[in-house]
Amino acid sequence: MGAKGQPAQGRWRDQWWAIGLLVLVIGVAVRLAFRGWSAWPEALVGGVFYAGLLTWVLMRRRGRDAKAVGTDPARVPELERRIAKNGELPEDPAEQAAMVRLIRRREEKLRRSRWWALPMLGVISLGTPLLWFSSGNVPAGLWTLGFGVAFLGWMVWFNRRFVRRMAAMRQRIEGVRGGGGVRGIEGVGGHA
C-alpha cells in the first residue's frame, strides 16, 4: 500500500527512532555551540530528554491522526507527504477518503489555532533576542534575532503553501469522487 517503490512500513525517516535521533543530534549540537565542549554531559542529558519528549509527542499525534482518519499510524506521514507535495492521488477509494479526512482535520486545527499560534511564535522568536540583549550578550542576541526572523518568515511561507496544497488536493480528490459541497478554508494562513 506504499507509494511507488516504497515498502508498506514507510520510509526510515518516518520511524520513531529516526525522529528521536534527529532531535538528539540537533539538540546536542545547539547546546555545544552555545556552551562549549565542556558542557557535553549536560548537552547529552538534555538532548536525550528533549528527543524522548518530542518523539513521544509526535508519535502520539500520529496515532491520534490515524485513529481519527481511519488508517494505520505508519501511513499518516506518507499521506502528509502526498498532500505537501500535491502529489499523485491515491487509487484506493478508502485511502482517498482517509486523505480527505486528514486534510479536513488539519484545516480544522489551523482554524482553531490561527489566532494564537503565530503571535505566540512571534513572542518566542523575537522575545528571546531581547533576553539576550538585556543580559548583555549582543552576539547571541543578534544570532537569535536573525534566526527568529528567518524562522517566522519560513513558517508563514510554509503555512500558506501547505494550506493551498491541502485545498488543491482535497478538491482534486472530491472532483475524482464526484464530491463537492465542502467549503474552502479562506482566511487560514492564505487563500485556498
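Visitor: Which residues does Met-99 touch, not counting those up to four places away in sequence?

Guide: In this predicted model, Met-99 touches Leu-79, Arg-82, Ile-83, Pro-90, Met-169 and Ile-173, where contact means heavy atoms within 4.5 Å. Residues are numbered from 1 along each chain as its sequence is written, and side-chain values use heavy atoms, with hydrogens and water left out.

Visitor: At what angle do the axes of H3 and H4 cross?

Guide: The axes of helix H3 (residues 76-85) and helix H4 (residues 93-113) cross at roughly 75° and come within 10 Å; axes are lines fitted to C-alpha atoms over the stretch in contact, with angles from 0 to 180 degrees between N-to-C directions. Helices are DSSP runs (H or I, at least four residues), numbered from the N terminus. H3 is therefore roughly perpendicular to H4, a term for angles of 65 to 115 degrees.

Visitor: And which residues make that contact?

Guide: H3 contributes Val-76, Leu-79, Glu-80, Arg-82 and Ile-83, while H4 contributes Glu-95, Ala-98, Met-99, Leu-102, Ile-103 and Arg-106.

Visitor: Switching topic, what is the mean pLDDT?

Guide: The mean pLDDT of the protein is 82, and 86% of its residues reach 70 or more. Over residues 1-8, however, the pLDDT is below 50, and pLDDT also stays under 50 over residues 179-192. Where pLDDT is low, the predicted coordinates should not be read in detail.

Terms used:
Predicted model: local features only at pLDDT ≥ 70, side-chain atom pairs only at ≥ 80, totals over all residues. Helix = DSSP H or I, 4+ residues; strand = E, 2+ residues; numbered from the N terminus. Parallel < 35°, antiparallel > 145°, perpendicular 65-115°, else oblique. pLDDT = per-residue confidence, 0-100.
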